[in-house]
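Biologist: Could you walk me through this structure, one piece at a time?

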Amino acid sequence: MGRRVLITGLDTFWGGRMAQALEAKPDVEMILGLGTKEPRVPLDRTEFVRSDQKYSILSRIVRATQVDTIVHTFLETNSVTVPARTLHEINVIGTLNLLAAAGASGTSVRKVIIKSSTHVYGSAEQDPAWFSEEDTRTGPVRTRLERSLIEVESLVRDFTDDNPHLAVTVLRFANVLGTDIITPISYDLRRRLLPSIAGFDPLVQFVEEDDVVRSLEFVTENRIPGVFNVAGEGKIPWSEVASISGAHLLPLPPFGPRLFAAPLERLSRVQFPPEMEGLVRYGRGVDTSKFREAGFDYRYSTAGAVRSFARANNLRRATGSAPPGYRYEQDVEQFFRHSPAVVRGVDA
Amino acid sequence: MRGPAPSAVGSAARSSGRPDDRDLIDAIVEHAASTSSTTSTTSTGSTDWAAAVEDPPEATGASLSYLPVAAPRRPMVDEDTEGFEDPRRSDVDEWGRSEHMRSIIRRLYDPVYRHWFRVEWEGLEKIPTEGGALLIANHAGAIPSDAPAIMHGIETELGRPVYGLADYFFRTIPVVGTMWSRSGGVPAHPDNAYRILHDQQQLALVFPEGTKATSKTYADRYRLRRFGRGGFVELAMRAGVPIIPIAVVGAEESMPIVFRLTKVAKALNLPYFPVTVNSLLLGPLGYVTYFPAKFKLRVLDPITFDVEPGLERYSRSRVMDEAERIRASMQDTLHDMLRERRSIWFG
């Protein structure tokens, strides 16, 4: 029997990319995607189930579909896109329900993969240059996003202790840059105005979006429980991120930079969420040797990830915006997946 | 291809009837597409893109620098790098040090080193030209003048970089923190030091006394403070590198502290606020002007430990004994050097 995988957040960037990647694998028998909205990418055989963001129906689904792997990509790591309360509902309550469903008695689940972020380390002056997985953050928790992710990870830790027979993997991803993803940083770089703090030029680390998907695939295929940092090789100065991408730095005063960025944020010129303030002041670096030793091979370094973004951005500038996106039609998708009229195994 | 002012962008976008926030260039391309054939648009687009990608990186002043920069932990090639130049635009390494910046600073600092402090080394050959080593020195001067002298001396004489480990405090000051980092300063975290010494086999310079030494008044000159909690010994044991003590004479007199203002320091959130002889004579200018004291530096014999490297913990008593022994030998050396010194200004 092939593997049966459940992906959360099918309608989000990562859920969609992950489902596409898994569809290409013949040994994955069934892919089930949960989302609050319809998927935004064309999918071949992934089953889509609409649910609320708290996953209250999850335990029933897990029991009914006998999934063996859960890929939890639906953790919000960008506080710009969602209100604070929704952030808590998605991250903390969503994970709580997901873990409850995965750990129910007689569960079919064997593996849980959580897509966390290096935001849990924060950024403070007393930080080591490279955080390893066992290190704890040195600064206080200041932002809602960091607080919610830390809470999620503590839930996952408890879950791991209570369910030693399950392989629970937490991947902490550095800031992502790449061809398609929109984060506050790529939003700023696309508009060629990158907020920085005057007099500070910290070293930062990025991971390319393909490496994110590949690492999630890698963990799906291999049994490597534990917490792992995932980030590109090396660190580069913040100013260099701007210069590689052809953007200008927007120096904000060291005291209350968010206050000064607020008017520009209102005008939609920049995005400067609270979790970015520490990053552009002190930077952040994580040690990725543990994940490397587990066998993962990166395709992009930190500078390579920035270049990957810059190349895609140059193309966008030259040729205009991307073609109109895909639209999910419930009836059509259902027809292709389940109608006896469709001859399966033939390339359409 | 720099973007035009925000207002121009907005109007261009509006005139082309698209609500997206886009550049003037995009608007022009868009316009060309609607008026002429599609092929011309594609060619405009691709040449523009190619020009931007193949734009050569800015010169990193390779001609200026002559020191090897710290090698990355693992040479690595991106999958799609074929035919593309290195995306890096600067030579800032993973610690924030830039050899280009260092070479400029060395050029500016060299006259100070040679003609102001007239630095004289003794036993410089004891510092290895390759492999990691933990350099320790006594610390002095309200705004310490010994660290730049030691780093400059070793970099010019031995041709290898030195990473100066110092308090996190530097990191929090705008501009100064960035300059400090680019010129080889690294926050003193045991993990950072271990990577520099063990993984990268570089030279690291630490001042075990810390700010206790730089904040002491002139009355306490050349009296070594407590060597922390012996962390530097444990670090050298774990990294398996020798400790090389350096005794510095002259820094104490370059910026002597008369007294400290505790309340001002507290209000400004500084570790200490010194009132120096320099500042009494020269006013605020005194905080950037050193007296031309003669600098003499003596390198002591490297100390190695016959313990297994890489352990989590080492015998506390052994660590404290070693630290105290090193402190005593440095204190003796300082007294020796002071006995031989006839003049503060001429050595």
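**A working chat about the structure**

Modeller: Let me begin with a pair of strands in chain B: S1(B) and strand S9 (residues 296-299) pair in the parallel sense over three bridges. Strands here are DSSP runs (E, at least two residues), helices are DSSP runs too (H or I, at least four residues), both are numbered from the N terminus, and two strands pair if DSSP finds at least two bridges between them.

Biologist: Which residue stands opposite B:Arg298?

Modeller: B:Glu122 stands opposite B:Arg298, which lies in S9(B).

Biologist: Before we go on, where does the model come from, and how is it numbered?

Modeller: This is a predicted model, in which local features need pLDDT of at least 70 and side-chain atom pairs count only at pLDDT 80 or more, while totals for chains, interfaces and linings use all residues. Residues are numbered from 1 along each chain as its sequence is written, and chains are lettered from A and ligands numbered from 1 in the order in which they are written.

Biologist: What is the order of the strands in the open sheet of chain B?

Modeller: The seven strands of this open sheet run in the order S1-S9-S6-S2-S5-S3-S4, with mixed pairing. Strand S1 (120-122) and strand S4 (185-187) of chain B are at the edges and have a single partner strand each, so one side of each is left without a neighbour in the sheet.

Biologist: Which strands does H9(B) touch when it packs on the sheet?

Modeller: H9(B) touches S2, S5 and S6 of chain B, and its direction makes about 165 degrees with that of S2(B); axes are lines fitted to C-alpha atoms, for helices over the stretch in contact, and angles run from 0 to 180 degrees between N-to-C directions.

Biologist: Why is H9(B) called largely enclosed?

Modeller: Eight of the nine residues of helix H9 (residues 231-239) of chain B are buried, so the rest of the structure largely encloses it. A residue is buried if 20 or more other C-beta atoms lie within 10 Å of its own, exposed if 12 or fewer, and partly exposed in between, with C-beta atoms placed from the backbone. The buried residues include B:Phe232 and B:Met237, and just after the helix B:Gly240 takes a positive phi of about 65 degrees.

Biologist: New topic: how many helices and strands does chain A have?

Modeller: Chain A has twelve helices and 13 strands. Its radius of gyration, taken over C-alpha atoms, is 20 Å, close to the 20 Å that the globule rule gives for 348 residues, so chain A is as compact as a globular protein of that length. That rule is 2.2 Å times the number of residues to the power 0.38. Buried residues make up 51% of the 348 residues in chain A.

Biologist: Is A:Ile236 buried or exposed?

Modeller: A:Ile236, which sits in strand S12 (residues 236-237) of chain A, is buried, because 27 other C-beta atoms lie within 10 Å. Leaving aside neighbours within four places in sequence, A:Ile236 has contacts that include A:Val306 and B:Arg88, where contact asks for C-beta atoms, placed from the backbone, within 7 Å.

Biologist: Last one: where does B:Pro292 lie?

Modeller: B:Pro292 lies in the loop between helix H12 (277-282) and S9 of chain B, and with 17 C-beta neighbours inside 10 Å B:Pro292 counts as partly exposed. Not counting residues up to four places away in sequence, B:Pro292 touches B:Trp116, B:Phe117 and B:Trp345.

Definitions and conventions. Two residues are in contact if their C-beta atoms, placed from the backbone, lie within 7 Å.
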